[in-house]
Amino acid sequence: MKEKLVLENVNKIYGDGETAVTALQKVSLTVKEGEFVAVVGPSGSGKSTFLSIAGALLSPTSGRILINQKDVTHLTSREMSDVRVKNLGFIFQASNLVPYLKVLDQLLLVSKLAGKVGKEAEQKAKELLDQVGLLHRMNYYPEKLSGGERQRVAIARAFMNDPGVILADEPTASLDSKRGRAVVELMASEVKQRGKAAVMVTHDERVLDLCDRIVTIKDGMLYEKKADIVNKDKKPEASVLG
Amino acid sequence: MFLALRELKYSKGRYGLIGLIMVLVAWLTFIVSGLANGLSSDNASILKNMDADYFVLQSDSEHKLTRSALPVEKLDEVRQLNGDIQAEPLSQTMLSVYQTGSNKKIDIAVFAIEPEGTLMPSITEGQNMAANDEIVVDSSLKEKGIKLGDTIGDKDLGIEWKVVGFTKNQKFSHTPVVFMDIQYFSDLMQASMGKKVASYNSIVIKSDSVNKDTLQKNLTDAEVITKQEAVQGIPGFKEEQGSLTMMIAFLIVIAAFIQAVFFYVITLQKISQFGVLKAIGAKTSYLATNLVGQVLLLAIVAVAISIGLTFGVSAILPESMPFELGTDILSQYSGLLILVSIIGALLSLNRIAKVDAIEAIGRVE
Ligand SMILES: Nc1ncnc2c1ncn2[C@@H]1O[C@H](COP(=O)(O)OP(=O)(O)OP(=O)(O)O)[C@@H](O)[C@H]1O
Ligand SMILES: [Mg+2]
C-alpha cells in the first residue's frame, strides 16, 4: 500500500527566545492509502498545529513532510497553495462553506481553483453530491441546509479534486451525536472506497470506533497504542445520515 | 469572476445600495461638470470660439480685456513685426440698451471688429453688417424677443442699431455679444462719449511662427497674453470655474471614500471566509481579481446609469440654462470615477493579502 502522508521527526516551535512554545516535538506519522486515522488529545496539546503542518498550511521548524510522496517541507506559499488544491481535501469545523455559493458551485469552485472547468467537473460534482445524498439540494444556498447537510457538502467538496489526503478538523463539533456519527461514517466509507489517506482531529470519543488507528498527542508528542486499533469490519450505514 | 458574480447576485441588497449611492454621486458629478462647462461657455464663448492665438493688451491691465486701452498706432507696429502675423483690432464695452418700442433693458457686450476680418464669426441667420448702424447679434437675444430687422439702442445717446444677422455661441461675461464695425464704434465713442484719443481695447493676433515671448519683447508698453489667459481674465471666470471644479473634486473624493470604506467593511466581515478559501487552495491573486472585478463592475454600471440620467436631465432643462455636456469631459470624469474606485479597493486588497490560510484551522494564530 502506498504511503500518502508521511511526517518525519517534525518539530514546531512558535516564537523564539524566552517566549518560545514547543507545540510539536519529534512527531512522526505515516498514513497509507485507505487508512483513516483519528488524532485525539487534550486542549493545547498541539493537534491543530499538527493538522496545519500536515495540511501544508504551516511550515515546521524542522523535520520532513511528504504528501503523495512529494516533499513539501520547503515550499513557497504559492507552491503550498498548489499542493493544497491538488493533493489535499479539507473538512473544517463549521461555517466552512462559502455563503453565497449554491451547493453545486461549492464543488465547482474547488475544481476551478485547480484549473479544471467544463462539463466533466460538473459531472463529477453531481456524482459526489449523489453519493452524499444531496443531489436534490444542488441548487440550495448553505443557509438553507441543516448542519449535517452542510458537513456532507464539505465532505463532497474535499473529494472533488481527487486528493490523496483528506484532513478534517473536528468535523463533528457543530453536530449532535447522531448526525456527527453519520458524517464520520460517510467520511470513512468514502476514504475506503476511494483509497484515500485521512486524518481527523476530534474530541468526539463516540466516533473513534469508525477509525482504523487512533493517535494521541500530549504536550506536543505523539503516541500510538497498537492496542487502540479498533476493528475495521464495522460497515458504515449511509441510511442514517442527517 | 466566478465568486464575484455569484456574490453580487446573492447580496443584491447591499451591493444595490452602494450602487445606488454611486449612481447619485456620479450623477451629481456629471451635472455639476455640465453646469461648469455650460457656465464657462456662457462666460467666455466669444473668446473660446475666436480664431486667435494671442491678445495684446495695455501694460498692467492684468489680463483683463475690459481694462485695456491701446493707442491705434500699436496695430501698425504689431503688423510690421513679422509678415506672418495676422493682427486685427478689437474694442469692447458693456452696455444696457432698449429694444425699440419696449421699456425693458437688455444687457449686451459690444465687440467692435473689422466686419470683413477673421474675428467676424460665421452668420447663422441673416447677413453681415454693411452699414454703420447695422449689427450682428448672438442668437440668445432671440429669447429676449429680438428678431431680424428689429432695432435696439440707447435713448439717451440717441443711437439706434438694426439687427441684420444672428450668430451662435458668442457670449462674454454671461452677456450676449453684439458685433459692430470698429471704425463706426470709434467714431461713436469720440462723438458721444467725448473720448479724445482713438484707442482699441486689444489687438488680436494669429500667427504660426511668432510666440508670446518674442511678441512681448518686441512691443513696448504692452502686455501679450494667450487666448487661455484672456479667458481666465474675464471678470468672475476663475472664481466661478474654481468653485465648481472644487465641488467636482470633492464629489470624486467622496465617491472614492464611500466605496473604499464599503468594500473594506465587507472584506473585514469575510476574513474567516477568505481564510477557508485560501486553505482549500485559492491564491491571493484569485481573490484579488474577484474583488477588483466586483468593484469595476459596480463602478461601470453605476457610471453608465448616471450618464443616462444626466442626459435625461439635460433634455428637460430649459434652453436658457447654461448646461453643456461635452463627451470628452464626460468620459474624463467617468474614467476618474472608475479609477478612484479601484484605488479605494487597494485598501481591501491589502487586507485580503494578509489573511493567512491557517486561520481556517483550530486556534492556531
Ligand atoms: N501562533 C502561535 N504562537 C504561539 N504559540 C502558539 C501558536 N499557536 C499555538 N500555540 C501554542 O501551541 C500549543 C499547541 O496549540 P494547538 O492549537 O495546536 O493546540 P490544540 O491541540 O489544537 O488545542 P485545542 O484542542 O484546544 O484546539 C499551545 O500551547 C498553544 O498555546
Ligand atoms: Mg485546535
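**View 1. Strand 1 and strand 4 of chain A pair in a predicted model.** Strand 1 (residues 3-14) and strand 4 (residues 62-67) of chain A run antiparallel and are joined by five bridges. Strands pair here if DSSP finds at least two bridges between them. Strands (E, at least two residues) and helices (H or I, at least four) are DSSP runs, numbered from the N terminus. Asn11(A) has Ser62(A) of strand 4 as its bridge partner. Residues are numbered from 1 along each chain as its sequence is written, chains are lettered from A and ligands numbered from 1 in the order written, and side-chain values use heavy atoms, without hydrogens and water. Because the model is predicted, local features need pLDDT of at least 70 and side-chain atom pairs count only at pLDDT 80 or more, while totals for chains, interfaces and linings use all residues.

**View 2. The four-stranded sheet of chain A is open.** Its order is 2-1-4-5, with antiparallel pairing. Strand 2 (21-32) and strand 5 (70-71) each have a single partner strand, so one side of each is left without a neighbour in the sheet. Helix 1 packs on this sheet and touches strand 1, strand 2 and strand 4 (contact: heavy atoms within 4.5 Å). The direction of helix 1 makes about 125° with that of strand 1. Axes are lines fitted to C-alpha atoms, for helices over the stretch in contact; angles run from 0 to 180 degrees between N-to-C directions.

**View 3. Six strands of chain A form an open, mixed sheet.** The order is 6-7-8-3-9-10. Strand 6 (88-91) and strand 10 (221-224) stand at the edges. The twist averages 20° from one strand to the next. Strand 9 (residues 213-218) pairs with strand 10 in the antiparallel sense over four bridges. Val215(A) has Glu224(A) of strand 10 as its bridge partner. Helix 6 (residues 177-194) lies across strand 3 (36-40), strand 6, strand 7 (165-169) and strand 8 (197-201). Helix 6 runs at about 140° to strand 3.

**View 4. Chain A meets chain B.** The contact takes 32 residues from chain A and 24 residues from chain B. Together the chains bury about 2700 Å², 66% of it on carbon and sulfur atoms. Buried area is the accessible area (1.4 Å probe) lost on being put together, summed over both parts. Phe92(A), Tyr100(A) and Leu113(A) supply 25% of the area that chain A buries against chain B, more than any other three residues.

**View 5. Arg6(B) forms a salt bridge with Asp105(A).** Their closest N and O atoms are 2.9 Å apart. The count between the chains is two salt bridges (side-chain nitrogen of Lys or Arg within 4 Å of a carboxyl oxygen of Asp or Glu). Helix 3 (103-113) of chain A gives the most to the side of chain A that touches chain B, with six residues.

Terms used: Buried area is the accessible area (1.4 Å probe) that two parts lose on being put together, summed over both.
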